[in-house]
Amino acid sequence: MATKELVTKVWIEEGCIVCDACETTAPTVFEVLEDTCIVRPAALEAEFTKPLTQDIIDAAEECPVDVIKFETAPFEVAEEVVAAADAAEASAGADAPEAPAQKPAAAAKPAHAAKAAASGAAKDQAKTAATAKAPAPPASEEIGDPAMQALLRAARSRGGNAAIARRAGGVSSPLDSKDPDELPPDARFAKTLDAAKKSKEALTRREVMSSSAAAMGLGWGLFATTSVGSVVAFQRFMMPNALEEPDPRVRVGPVSKYMEMAPGEVNEDFKPRGIWMIRTEDRIAALNIICTHLGCIPNWLANDRKFLCPCHGSGYYYTGINFQGPTPRPLERFRLSVVDGIVVVDKSKKFQYELGQWANPESFIAV
Amino acid sequence: METLLLAESTAESLKGVINALCEPAPFFIISCIALIVFLVGYRTFTRPAVALTIGAAFTLFYIISAFDPNFAAIIKKPDNVPITIMMFSVGFCTWVAFRQAAINDERMERGEPLIEAGSDDKVLVWPDLVYTELIALTLCTAVLIVWAILLRAPLEQPADPSVAPNPAKAPWYFLGLQELLVYFDPWIAGVLLPGLIIVGLIALPYIDRNPRGNGYYTFKERPFVISTFMFGWVILWVVLIVFGTFLRGPNWNFFGPYEFWDLHRLAALLNVNVADIFWVRWMGRGLPDDWMLRELPGVFLMGGYFFILPVLLAFTVLRKIYRQVGLIRYAIAVMLLLWMALVPIKMLARWTLDMHYFLAVTEYFFNI
């Protein structure tokens, strides 16, 4: 039978800065409230804290303001448990690439003790007790002592053998070698963060290297397939096999029909096709019905003899020249021609007054 | 019988007067005067008895107006129900804010603590906020369901690309922006001005770093900024929505609130540019062919407005503000103010002088 120091009582002194580190490390023992941290009522029992010894010691070490205090007492544990733990520790230490291949457990222990002492934990009695204690031994299912089993479970759940090996193998942060009381406050936080980061790295590297690599591959593969598929679908959507677009050339009837119109008259027969046929003193022209302000469709008010837009009140003379409302420029005219006595309006070509294009002979039929 | 006829003719002539007052320029100027009077006498007008009387009088006027068939047709349209809600809610919220400000200002003068002094209005997300949100969500859903059942959606015939509804109105909350489109080039009214509203509101805390009025209601300590905001909000947003709802009819003509929306009403308008006024009316010649020469008067006008006026203001009316905020903040603030002021200037110029564009470079789509 060997003896081990186990935590029998834990308490928190004044000065907590509510950093959440202790609750992250030992959630069953500590509870961080809005303005301070408390020990959970259940954790006031020695039988509860004994199996969580390692967690409590870790939490006390990680506490940036060192307000977590605890008492320990020696308890008897089975010899083979300690031996098995030391053996497993040594083999786990071999897992960590930084550690020497077959580092003996005896060497690991002083390394850890020295590290803890250097980190300034040995300031009070409780901390001294903590450094004297060996790190949590890893799993061995034959262990009889329920307290040790719980201790092992807790250790495994927080990083398993790799975490234990890291402690034993002496992977140290540069911050560890300094006395935290000499460090500025944010360096102490950095120490806490560093510790959290290290335990996380040990966790993810193992996972990524083994099973999750396949899951990652599957996920990225699916993502790539979906991306390529949607690009193809988008391309297919943007370039359909057939494009339904009406012929821009509209046959609007015999030229005589428009020759007979009186000057100043507007023919609305082809408004559904987007065309007003107008007759001025000397020419026939085709107006685009779209308002040059914002694209509404004006109405032809025969009494007022003007086109008036119902959206913003833009007004045009029958010729298409703007004179009222916000529109900055006249209506556009289409190209038109006479084919076999039939007037054909070509909506694909527009003529703008302000650019002097209405003088273009293609924009009108001379009367 | 005779008294009935008399009452009817009185009502008709009253409607005529109101219709005449609701011509755009008088309506706009009366609104501005009403806002100024309110801001000057805010302590009197926000007294509960006075405010209640004003509110009751407006409600009575609104209800009596609803007997007019043309007015009723406007307010009964399902699209326009929110406008009625908006008018009352804007009035109520304005009253609440200015009432608090009036009380605080009086307390400050007497050296007493403010309404907000010592109050701790912090609440917890859970349960205070989440519960409130849950209740608000449930109520809104219930109201919307009842609303949707009672008022049918104003659906129309299938869309036809060659026919636009007459008048074609934007959703009610955008009617103010649609009204701007009547006076400005699409790029300015549809992109620049809304963008300036948003950017300007975001920039406000950086331009105005005066801590007075932070966390408590006051008007006396910040008369200029609050008046400017109220002008922009009540006149340039809410009044323009009222314009678009009640006064804009077929062919986007102005109609009085009790006027029949006649599709064929003649509205003789001939809008002119500054270039037309300068070259044709004053110089007595035709427009120059070269657009640079043609738009020279407009360039001078707008250049003076945007580049010389700020300098003049910095040394005269806005001297105090210029000293307080420094050159860069002053430049940004005065640009925002000038763009805001351009809206009522352009509107009044359109109504009174038939102003089309101050600066019209149609060739390059640049019109102000």
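This is a predicted model: local features need pLDDT of at least 70, side-chain atom pairs count only at pLDDT 80 or more; totals for chains, interfaces and linings use all residues.
How many residues lie in the hairpin that joins strand 7 of chain A to strand 8 of chain A?

**View 1. Strands 7 and 8 of chain A form a hairpin.** The link between these two strands of chain A is made of 3 residues. Strand 7 covers residues 275-279 of chain A and strand 8 covers residues 283-288. To find your bearings, look for Ile275(A), whose bridge partner in strand 8 of chain A is Asn288(A).

**View 2. Strand 8 of chain A also pairs with strand 15 of chain A.**

**View 3. Strand 13 of chain A is another partner of strand 8 of chain A.** Strand 13 spans residues 333-339, and its pairing with strand 8 is antiparallel, with 2 bridges. A handy landmark is Leu287(A), which stands opposite Arg333(A) of strand 13.

**View 4. Chain B meets chain A.** Now we move to the contact between the chains, to which chain B brings 27 residues and chain A brings 26 residues. On the side of chain B that touches chain A, helix 8 (residues 175-183) of chain B gives the most, with 3 residues. What kinds of residues make up this side of chain B? They comprise 17 nonpolar, 8 polar and 2 charged residues.

Definitions and conventions. Residues are numbered from 1 along each chain as its sequence is written. Chains are lettered from A and ligands numbered from 1 in the order in which they are written. Two residues are in contact if their C-beta atoms, placed from the backbone, lie within 7 Å. Helices (H or I, at least four residues) and strands (E, at least two) are DSSP runs, numbered from the N terminus. Ala, Val, Leu, Ile, Met, Phe, Trp, Tyr, Cys and Pro count as nonpolar, Asp, Glu, Lys and Arg as charged, and the others, Gly among them, as polar. Two strands pair if DSSP finds at least two bridges between them.
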